[in-house]
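These are my notebook entries on one protein chain. I record what I looked up, entry by entry.

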Amino acid sequence: MNGPGTTGADVPGSPDDVRGAGQAGGLPGVARTSPVGRLAATVERLRREVRAAQAEADGRALIELAKGILVERLGCGPAQAARQLTELAGQAKVSQLQLAVEIIDQAAHDRLSEVTSAFLSATAERPPDGDALAVRLRAAESGALAAGDTQAVADSLLQHALTPLGAVAVAIWAADADGSLSLAGSAGFSAGEARRWRYVPPGVATMARRALSDRTAQWAGSLADTGLPSIGHADHPDGGRVAVPAGSGGRIHGVMEIVWPSVLEPQPPQVVRQIEALAELCSHTLETHAPPADGQDVRGTADVCELIDLVDGLHDPTLVLVPQLDGEGRLADFRIRHVNGRFLDPAGRPRGTVHGALLLEAYPLAAGESGLFRCVERVYATGEPFRARRMDLTALVDQVPLSAVADINVSRHGGCVLLIWRIEDETARLASLLQHAQRLGRIGGFEENLLTGETIWNETLFDLYGRSPADAPVPLEELAAHAHPDDAVTIGRFLRTVLHHHRPATAAFRLRRPDGVTRHIRVVAEPVPDADDRLFAVRGAYQDISAQHWTEVALAVTRDQLAHTEQQAHERNRLTLQLQHAIMPPDRTPLRAPGLDAAVRYRPAETEQLVGGDWYDAVVLSSGLVLLCVGDVAGHGIEAATSMVVLRNALRGLAVTGAGPGQLLSWLNIVAHHLTGGVTATAVVGLYDPHRRVLRWARAGHLPPVLVRDADATPLPLLKGILLGAVPEATFAEDEVQLEVHDTLLMYTDGLVERRDRSVEVSLRQLLTAARTTSGTLDQQLDRLLTYSRSDTDDDTCIVGIRVE
């Protein structure tokens, strides 16, 4: 039955709405007339009526709660409160359910009312679904609080609050003390999926695990984006996910995970706060050990008493901490409820000074970003134990920080936190450091009493000697018996210095161990006099220097090999330069031909290791034509130089056939590919006819020649031609250039223009600018080009120039 003044239309999903929907839509007319169709329509109608009845029951619960508030506020009876609610709803022109939710929000001032207020204030006008949001949240709260278990809470949240947000499933995880997760309730997932995910062991990475570890909500557009598995990943792999920690009072009891069917876009702040409020609702059913309220004494509770008894039996300094909440129920600090008898304070304060104090009062510097308080807070929130070695503990006494280094162990037991620390003893720590240093340095110490004959070794020294600790140590006077015979003189000099002259001494010798292994050892010893300045003991150390010895031997061998290699490299470079200079001397007499002034320049690389394969040639053939060419063999060293000699001489021999430059390059390509071990090279070849003043030329992957006429310098056209040796056979295009009197033609290798920091096109433009200056002789012009070349690759450079007279 409805409450006074209420109708089914006041509650969303009422039977009236269901009947209208059933008549208007659903099955087609033909299907509704068949027996199966009528049965399906009846089942659908009954299902809607059940949902409507559930919604109406939830609405009645909220209306009855609002009536109770009016009874308390107005001091009236239930009947008068019902009439008052009806009159107020009529005056406000809203349903009784919407008015009831507003009354509950105003009276509660809780998280749900804050979410609703923030949602309504987000726009200047009241949004049309603002009241529906308030109703959904209060209905979800009513169902959660009235539910007998977490499964019923999951069903209520999905039905009332999450489905309107587009979600299709929800899982509520309970966080256990060992860091594992248990599926306390779920809705929207199949029974088989819920069974498969009923338990998640500690350390397994899931969306819920990440939210629990980070203690913040984890939003993902789709589960696939996270790379983490979770419940329902097979059904909705591309669906959106959010996992929100569910807790209160600073302690996290579990995680609420929501699933959307498709990719989830970023949500507005109002929806984010709504989901956080729903997670807080889940924490009420997940909570098993509620933390004590602020100021509440837990001294008499059974769990704390048992924990104190346990702590008193531990051998390590231990503190029992209980949470302290502020007025709004948030975690503010931890009170030191108990310290056991082995407690050691970093500042040396007695137990009574620390007992009963707040953790941040006793140790204020623990509130740092990565300090002790953060660790305790995290353990209390998540239940996961924390362990750390060598953490700094700092206490503030009279404004002076006093620190100690300790191993930390923090764990949660019910509503309390157990803090164990083991403060390092400085003497023990230094002894441990010394022991590790001796072990790493392979150093063994000894002390020998000359009066009693007693010799003491440490463990490392027994290991160096290859002897068991049960064996007797070797005294200094017997040292020669355990050393290589060739070191007897060195050991004798060492013993005389220490035992007879009473001076510190050191010696290096070869130790022969019982297992047949020989080790290189350095021994250092000093005499220890008594009060009368008489020698009564000797102490010192042995160090295994075998690795150092063999390193020195290896370095000596390496130095010898390096010197030999450097000698070979120097000789190789010298032969390469001699070969190169024999073929192409750097200083060459200019070539003279009728009506032509020709000059060549060759500049070798400054670094001998970079001797390359640049070459040039300028010779008058028997036919009267002038052969002009420059080329560059890939690589450096003797191989490049010998390949250059082969190509240069081959071109000279092929030129006497009278073939054109294109044919000469085709033959030269065969030589480079088959006869020189598969080298590659670039080249420009030209044949100049002094009588006709015509130059026929061709190129093979090389920069084209530059023509300087009057005050202008331009490169010749870029003819087709692949580099030499790249393919077995190739053809090369030719071109003719008609030269005029005073024209200058320049052929060059890339060593003239190549730079590391700019392109060849930029360097070529700079060369053209320098080549426009034609004052002086041809030799002067070539020298000027070499002088002002901006190349920085330290490569060989060749230039061939002709000037028509």
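**Entry 1: confidence.** I began with pLDDT, the predictor's confidence in each residue, from 0 to 100. The protein chain has a mean pLDDT of 76, and 73% of its residues reach 70 or more. I noted that this is a predicted model, in which local features need pLDDT of at least 70 and side-chain atom pairs count only at pLDDT 80 or more, while totals for chains, interfaces and linings use all residues. Residues are numbered from 1 along each chain as its sequence is written, and side-chain values use heavy atoms, with hydrogens and water left out.

Over residues 109–134 the pLDDT stays under 50, and the model has 39 contacts (heavy atoms within 4.5 Å) for them beyond four places in sequence. Residues 288–302 also have pLDDT below 50, with 19 contacts in the model beyond near neighbours in sequence. Where pLDDT is low, the predicted coordinates should not be read in detail.

**Entry 2: the whole chain.** I counted secondary structure as DSSP runs numbered from the N terminus: helices are H or I with at least four residues, strands are E with at least two. The chain comes to 24 helices and 27 strands. Of its 805 residues, 44% are buried; buried means under 20% relative accessible area, exposed over 50%, and partly exposed in between, with a 1.4 Å probe and protein chains only. Among contacts between residues at least 6 apart in sequence, 60% join residues at least 24 apart.

Entry 3: In what order do the six strands of the open sheet lie? I read the order as 3-2-1-6-5-4, with antiparallel pairing; two strands pair if DSSP finds at least two bridges between them. Strand 3 (199–200) and strand 4 (218–220) are the edge strands, each pairing on one side only. Strand 5 (residues 241–248) and strand 6 (residues 251–259) are joined by eight bridges, and Ser 248 has Arg 251 in strand 6 as its bridge partner.

Helix 8 (residues 150–162) packs on this sheet and touches strand 1 (169–175), strand 2 (181–187) and strand 6. Its direction makes about 45 degrees with that of strand 2; axes are lines fitted to C-alpha atoms, for helices over the stretch in contact, and angles run from 0 to 180 degrees between N-to-C directions. Helix 12 (residues 269–286) lies across strands 1, 2, 4, 5 and 6, at about 50 degrees to strand 5.

**Entry 4: a hairpin.** Strand 7 (residues 318–325) runs antiparallel to strand 8, with seven bridges joining them. Leu 319 has Val 339 in strand 8 as its bridge partner. The two strands form a hairpin with five residues between them, and Gly 329 in the turn has a positive phi of about 85 degrees. Is strand 8 enclosed or open? Seven of its nine residues are buried, so strand 8 is largely enclosed by the rest of the structure.

**Entry 5: aromatic pairs.** Rings of Phe, Tyr and Trp (its six-membered ring) pair if their centres lie within 6.5 Å; planes under 30 degrees apart count as stacked, over 60 as edge-to-face and the rest as tilted. By this rule I have six aromatic pairs. Phe 334 and Tyr 380 have ring centres 5.7 Å apart and planes at 80 degrees, so this pair is edge-to-face. Phe 334 lies in strand 8 (residues 331–339) and Tyr 380 in helix 16 (residues 372–382), so the pair ties together parts 46 residues apart in sequence. Phe 334 is buried at 0% relative accessibility, and Tyr 380 is buried at 0%.
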